[in-house]
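Hi,

Here's the structure I said I'd pass along.

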Amino acid sequence: MKIGFIGLGNMGLPMAINLVKAGHEVTGFDLVDSQLKAFTTAGGKVVANANAAAQDVEVLISMLPASKHVEGLYLGEHGLLAHANPRTLLVDCSTISPKVAQTVAAAAKAKGFSMIDAPVSGGTAGAQAGTLTFMVGGDPADLERARPLLEKMGKNIFYAGSSGAGQTIKVCNNMLLGIQMLGTSEALRLGIANGLDPKVLSDIMAKSSGRNWALELYNPCPGVMDNVPSSKGYAGGFGVDLMLKDLGLAVENAENLDADVPLGKMARALYEAHSQSGNGQLDFSSVFHLKKTS
Ligand code: NAD
């Protein structure tokens, strides 16, 4: 299949490489040269702009940082909806506001395109291993068109509901993840302050009722686990500022619905303080080193 892939960052690059490895012809575009070079080295083709990546492809996948990037890519006179072939299936895997996902999908539909929101969970390790979870919003028939490709990048592919539903689930999931990472860090710091070995502490909590994804698969304490950002200077992974964006989406969504998310609000304030101390580009598990808050 001919595929266009826009956004070859920490997630997009390994996802696009998995499509190349599966034998697809993938044309990629990113704003950063080093990402383009890495994609070329892995056998991908690169082009000079997003519209060129969307030419003559059956499926166009985007994996961008936030809502404004997705709006910028698809909408407006220079956007993809004005230039691509409406037979191209559009798949946005970025984590963005459910409302923006609905707006962009409706604009796509008005121009004759089919579009699904397909945000992912599983981190950069899941993107590399091709074991991501996809949560898809839109028409179920469009998910079936995309499924053979999603299966090359992920292990669990869920239909969430109508347009934007994938994003709503992703926002709920990441609010929980952000809170979990803070709680896990806090428990580890308390144990360490008591003189405990963080590995022993982690191993025991992982077999007790405190077990969770952050503790077991993405431990925030350096040296406890190999191959996670905490053991690589918090480089790569899922940035603090991206987590902050997702907590902002959760709080905004809750406020629109008059829903109560006190822990989500507190988590957002703590990640914001951490970002403002100069850590915005580090992996979000670096909140383990959050400065004393009281
Ligand atoms: P990233 O910042 O590493 O990558 C985003 C890429 O998009 C960058 O390389 C940037 O240059 C590129 N880009 C931005 N605007 C562009 C444009 N107009 N045209 C082409 N390229 C453009 O971010 P990431 O970690 O890969 O995350 C991407 C999305 O996936 C985000 O929405 C994030 O919330 C979500 N996500 C990330 C993770 C993770 O663990 N990193 C996990 C799940 C979901």
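Below is what turned up around the ligand.

First, this is a predicted model, with local features needing pLDDT of at least 70, side-chain atom pairs counting only at pLDDT 80 or more, and totals for chains, interfaces and linings using all residues. Numbering starts from 1 along each chain as its sequence is written, and side-chain values use heavy atoms, leaving out hydrogens and water.

So who is around the ligand? There are 23 residues surrounding it, and N10, M11, D30, P65 and K245 are the closest (a residue is near if one of its heavy atoms lies within 4 Å). By class, that shell has 11 nonpolar, 9 polar and 3 charged residues, with Gly counted among the polar ones and Asp, Glu, Lys and Arg as charged. Both domain 1 (2-162) and domain 2 (168-289) supply at least three residues each; the bounds come from an automatic or database domain assignment.

Polar backbone atoms sit 2.8 Å from a ligand oxygen at M11 and 3.0 Å from a ligand nitrogen at G237. At L64, a backbone N or O atom is 2.9 Å from a ligand oxygen.

Cheers

How values were computed:
Polar contact = N/O pair within 3.5 Å; in protein donor to acceptor, adjacent residues only side chain to side chain.
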